[in-house]
Amino acid sequence: MAADPDTAWLAATARLAARGVPLSRPNPAVGALIVNHGKVIARGWTQPGGRPHAEAMALAAAGDAARGATLYVSLEPCAHHSTRGPACADLVAASGLARIVIGCGDPDPRTAGQGAARCAAAGIAVGLAENADCAASLAGYLSQRRLGRPHVTLKLALSQDARLAPPQGQWLTGPIARAHTHAWRARMDAILVGRGTFDADSPRLDVRLPGIADRSPQRWLLTHGQAPAGWHALADPHAIAGMAGVQYLMVEGGAQTAQAFLEADLADRLLIYRAPAIVGGHGPALPGLTRDALSSSDWKLTDTRPLGNDTLDVYERS
């Protein structure tokens with residue numbers, strides 16, 4: 001455990017919460033751990049469809065062992081009643097817990113501060129950490145609550161000269177990078193391409209990995225016309241505010257679509273798969289996404305890793 005146990009336990013709840021993304025929709029994916037004397041008594045994460053909540057799962061698993069223990073939870077326990085289940089703040093208040101440490105306050109006005117207050121009123125010591133790992137694990141939910149739109153991941157496969165593949169349908173990156181993309185797709189509520197990509201490639205935009213093929217996201221098309229069967233239409237990037245129930249959106253398609261989201265300042269994360277090939281004048285160019293250009297921009301490189309012959313660079317908003 002790290003020098004600060006609370007920080008380490010909250011980071012663990014954030015990792016646990018990842019099990020619920022994106023299946024917890026329309027609810028946020030939350031992780032919870034009940035700990036006593038440095039040992040985990042019980043754990044929980046938001047279940048498919050949004051119920052049970054993480055705290056309810058952990059408390060049910062702990063039973064009487066929760067008395068005198070500490071609950072670590074990535075998001076403030078909900079304080080509002082629902083026909084689908086009790087308020088988690090009430091469950092916590094009645095649990096006999098000695099302490100609760102909350103990784104991120106809930107901006108939902110039905111809870112904001114009230115969940116923590118209800119726990120405190122029951123005699124439970126309350127700590128609110130505003131933990132960075134927890135906030136990152138809740139990026140889609142927080143974006144919807146604070147910005148009124150999904151969290152947007154812009155994914156691109158680029159050559160060494162910052163060009164997309166020529167429009168003849170060939171792959172630019174190798175099979176390992178493509179499998180990695182599918183794993184990211186499985187974390188998304190929706191995926192979007194532009195009309196040019198749709199017409200040129202007839203993309204499936206599904207998840208083709210064993211065991212998680214059922215996690216294929218909704219398919220959206222950036223177009224002023226009608227969407228084909230099985231697709232949803234989006235008139236312009238700013239219209240993502242109307243994507244009901246979508247917390248996590250991946251934008252995959254085409255130089256024009258990528259540029260439109262960048263110019264509208266609507267990209268929150270960049271996934272750039274860099275291939276060793278040189279495309280030259282045969283593919284659309286995005287010179288603003290070279291490593292040199294991004295190093296002097298407001299984007300922060302948070303991860304880089306080899307994927308076969310290719311390299312993934314991940315950038316987040318500074």
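**Exercise 1.** How many cavities of 30 Å³ or more does the count come to?

*Solution.* The structure is a predicted model, in which local features need pLDDT of at least 70 and side-chain atom pairs count only at pLDDT 80 or more, while totals for chains, interfaces and linings use all residues. Residues are numbered from 1 along each chain as its sequence is written, and side-chain values use heavy atoms, with hydrogens and water left out.

Step 1. Take the definition: on a 1 Å grid over the protein atoms alone, a cavity is a set of points where a 1.4 Å probe fits but cannot get out. Grid points are joined across faces, edges and corners, and a volume is the space filled by probe spheres set on the points.

Step 2. The count comes to 1 cavity of 30 Å³ or more. The largest cavity has a volume of about 60 Å³.

**Exercise 2.** Describe the lining of the largest cavity, then the setting of Ser 24.

*Solution.* Step 1. Lining residues have an atom within 4 Å of a point. There are 13 of them, and Ser 24, Asn 27, Ala 29, Gln 247 and Tyr 248 lie nearest the cavity centre.

Step 2. By class, the lining divides into 7 nonpolar, 4 polar and 2 charged residues (Ala, Val, Leu, Ile, Met, Phe, Trp, Tyr, Cys and Pro count as nonpolar, Asp, Glu, Lys and Arg as charged, and the others, Gly among them, as polar).

Step 3. Ser 24 is in the loop between helix H1 (5-17) and strand S1 (31-36); helices (H or I, at least four residues) and strands (E, at least two) are DSSP runs, numbered from the N terminus. With a relative accessible area of 4%, Ser 24 is buried (buried means under 20%, exposed over 50%, partly exposed in between, with a 1.4 Å probe and protein chains only).

Step 4. A polar atom of the Ser 24 side chain lies 3.3 Å from the backbone nitrogen of Ala 29.

**Exercise 3.** Which residues of helix H4 (residues 114-121) are buried, and what do they pack against?

*Solution.* Step 1. The buried residues of H4 are Gly 115, Ala 116 and Cys 119. They cover an arc of only 100 degrees around the axis, so they are on the same side of H4; the arc is that of the directions from the helix axis to the C-beta atoms.

Step 2. These buried residues pack against helix H3 (88-93), strand S4 (99-102) and strand S5 (125-128), with contact meaning heavy atoms within 4.5 Å.

Step 3. After H4 comes Gly 123, with a positive phi near 90 degrees.

Terms used. On a 1 Å grid over the protein atoms alone, a cavity is a set of points where a 1.4 Å probe fits but cannot get out, and a pocket is an open set with protein on both sides within 12 Å along at least five of seven lines; lining residues have an atom within 4 Å of a point. A polar contact is a pair of N or O atoms within 3.5 Å; within protein, one must be able to donate a hydrogen and the other to accept it, and residues adjacent in sequence count only if both atoms are side-chain atoms.
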